[in-house]
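Dear colleague,

Please find the structure handed over below.

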Amino acid sequence: MNLMRMKQPPHLHLYRRKLVSLLRQHQSRRSAMQQLHSHLIITGAYMDVTSSWNPLLRHYSLGIFPQEAFFLFTHLRLHQNSFDSFSFSYLLKACANLQSLQAGLLLHALTHKLGFEFHVYVHTGLLNVYAVCGALPEAKQVFDEMSVRNSVTWNVLISGLVKWGELDLARSLFDEMPMPTVVSWTTIIDGYTRMNQPKQALALFRSMFIDEGIKPTEITLLAIFPTISNLGALEICQLVHTYGEKSGLNALDIRIRNSLLDTYAKCGCIESASRVFGEMAAKIRNLVSWTSIISAFAMHGMAKEALANFERMQKELVKPNRITFLSVLNACSHGGLVEEGLEFFRKMVNEYQISPDVKHYGCLIDMLGRAGRLDEAEKMALEIPNEVVNVVIWRTLLGACSFHGNVEMGARVIRKTLEMERKYGGDYVLLSNIFAGVGRYSDAERVRRLMDERNASKVAGLSFV
């Protein structure tokens with residue numbers, strides 16, 4: 001039924017009830033809500049009924065054009081409508097989605113003027129606006145002024161601090177929180193993961209799960225997987241796997257299975273990674289699943305298995321993307337499958353119309369260099385577009401020159417690297433090693449002296465042993 005054909009019945013009370021019911025029923029349907037909005041304007045039935053337009057404010061604030069919530073709000077103010085706490089909560093949500101600090105400041109003043117300064121939901125919404133916009137001092141001030149706070153209030157400020165890199169402050173606030181929720185724990189764990197502090201992330205996860213007995217959600221697991229991979233913590237991966245099976249999260253969210261597959265591979269257990277993939281029903285496997293298993297075999301040097309899975313993926317009519325092809329090229333490089341790698345590169349460009357980036361070219365240079373096909377590698381490096389090529393491409397080729405003892409090409413390549421970056425000592429060391437490897441010790445010493453004269457630094461080695 002076309003909502004615009006509705007006529008205002010004589011019993012206005014019943015009509016309004018029906019209208020509110022329709023507004024709630026069609027919250028997720030933009031076209032229906034717009035029709036209802038138009039009907040409200042035409043009939044004027046909404047002018048004194050808060051429940052009629054609050055659903056519209058909510059819909060617009062969460063929609064693709066949050067500014068529409070403000071257009072409606074401005075129109076309502078012209079007709080001297082009253083607003084309740086829900087109205088301002090929705091408007092503040094629109095502010096956050098628009099990342100509009102100016103609108104947030106205006107609403108802050110208005111809520112204070114209208115007596116909502118002590119309302120926990122309104123002030124939490126205001127806190128969220130400041131946190132999203134990076135106005136952390138204002139966010140902290142709102143938080144400190146709140147006489148009543150709920151878990152959402154704490155989580156909003158913690159999340160905002162984490163988002164803007166204030167991890168120490170976020171952790172301090174988390175430690176003060178009366179009863180941290182799983183959202184609180186997950187936010188800090190994710191912050192440590194993103195800030196490349198895996199040991200802290202894993203310690204907090206252990207404390208949450210083992211010491212406090214708080215059950216992780218799927219978001220928690222997705223936050224901890226990169227940390228497990230980073231540390232190669234196979235036992236923790238198995239623990240999370242078991243928990244995911246018992247809780248049903250593995251079956252609930254394909255992202256969990258894909259991450260589990262990838263994490264097992266990065267922890268060195270290709271058998272478990274392959275088993276996770278094999279246990280996925282064919283109908284739920286997506287491109288990430290296929291790319292993950294191809295990448296898993298590639299990183300374990302199992303090139304034939306990686307290519308076999310690529311062929312299986314194509315038979316399942318799953319279209320590869322640039323990351324899939326990067327995994328395949330890696331497999332070919334580490335497996336010495338040069339012709340296959342070149343063919344996959346041609347297929348990527350010609351059949352799938354995917355423009356190669358520096359990582360794809362880097363794989364090809366590495367693949368040709370490993371195979372000793374240095375002339376082809378240099379020719380390809382020279383043909384890479386200027387907007388794509390970087391110093392890493394030439395350093396990859398320089399490494400191949402060092403491995404195969406090609407002095408002449410090494411000298412040409414290092415000129416290229418020095419044009420781009422003169423202060424990296426590793427380039428000088430490689431060229432010095434090339435000269436030393438063919439008995440040209442005076443040249444090797446000359447390069448070492450040049451490195452010292454230019455104050456070129458070499459990053460110290462690192463070992464986990």
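Helix 7 passes helix 8 in a left-handed crossing, where left-handed means that the near helix is turned anticlockwise from the far one by less than a right angle, and right-handed that it is turned clockwise. Please note that this is a predicted model, in which local features need pLDDT of at least 70 and side-chain atom pairs count only at pLDDT 80 or more, while totals for chains, interfaces and linings use all residues. Residues are numbered from 1 along each chain as its sequence is written, and side-chain values use heavy atoms, with hydrogens and water left out.

Helix packing

Helices are DSSP runs (H or I, at least four residues), numbered from the N terminus. The axes of helix 7 and helix 8 (residues 136-145) come within 8 Å and cross at roughly 165 degrees; axes are lines fitted to C-alpha atoms over the stretch in contact, and angles run from 0 to 180 degrees between N-to-C directions. The pair is therefore roughly antiparallel, a term for angles over 145 degrees. On the helix 7 side, the contact (heavy atoms within 4.5 Å) is made by H123, L126, L127, Y130 and A131, and on the helix 8 side by L136, E138, A139, V142 and F143. This contact has eight nonpolar residues, one polar and one charged, where Ala, Val, Leu, Ile, Met, Phe, Trp, Tyr, Cys and Pro count as nonpolar, Asp, Glu, Lys and Arg as charged, and the others, Gly among them, as polar.

Helix 11 (residues 182-194) and helix 12 (residues 198-211) have their axes 7 Å apart and pack at an angle of about 160 degrees, which makes helix 11 roughly antiparallel to helix 12. Their crossing is left-handed. V182, W185, I188, I189, Y192 and T193 of helix 11 meet P198, Q200, A201, L204, F205, S207 and M208 of helix 12. By class, ten residues of this contact are nonpolar, three are polar and none is charged.

Helix 20 (residues 322-335) packs against helix 21 (residues 338-350) at about 165 degrees, with the axes 9 Å apart, so helix 20 is roughly antiparallel to helix 21. The crossing of helix 20 and helix 21 is left-handed. From helix 20, F325, V328, L329 and C332 meet E340, G341, F344, F345 and M348 in helix 21.

Pocket and cavity

On a 1 Å grid over the protein atoms alone, a cavity is a set of points where a 1.4 Å probe fits but cannot get out, and a pocket is an open set with protein on both sides within 12 Å along at least five of seven lines; lining residues have an atom within 4 Å of a point. The largest pocket has a volume of about 310 Å³, a volume being the space filled by probe spheres set on the points, which are joined across faces, edges and corners. It is lined by 14 residues, of which S89, K93, Y121, T124 and G125 are the closest to its centre. Helix 3 (50-62), helix 5 (85-98), helix 7 (120-132) and helix 9 (151-163) each supply at least two residues of this lining.

There is one cavity of 30 Å³ or more. The largest cavity holds about 50 Å³ of space, and its lining consists of E117, F118, H119, V120, H123, E145, M146, S147 and V148.

Yours sincerely

How values were computed
Parallel < 35°, antiparallel > 145°, perpendicular 65-115°, else oblique.
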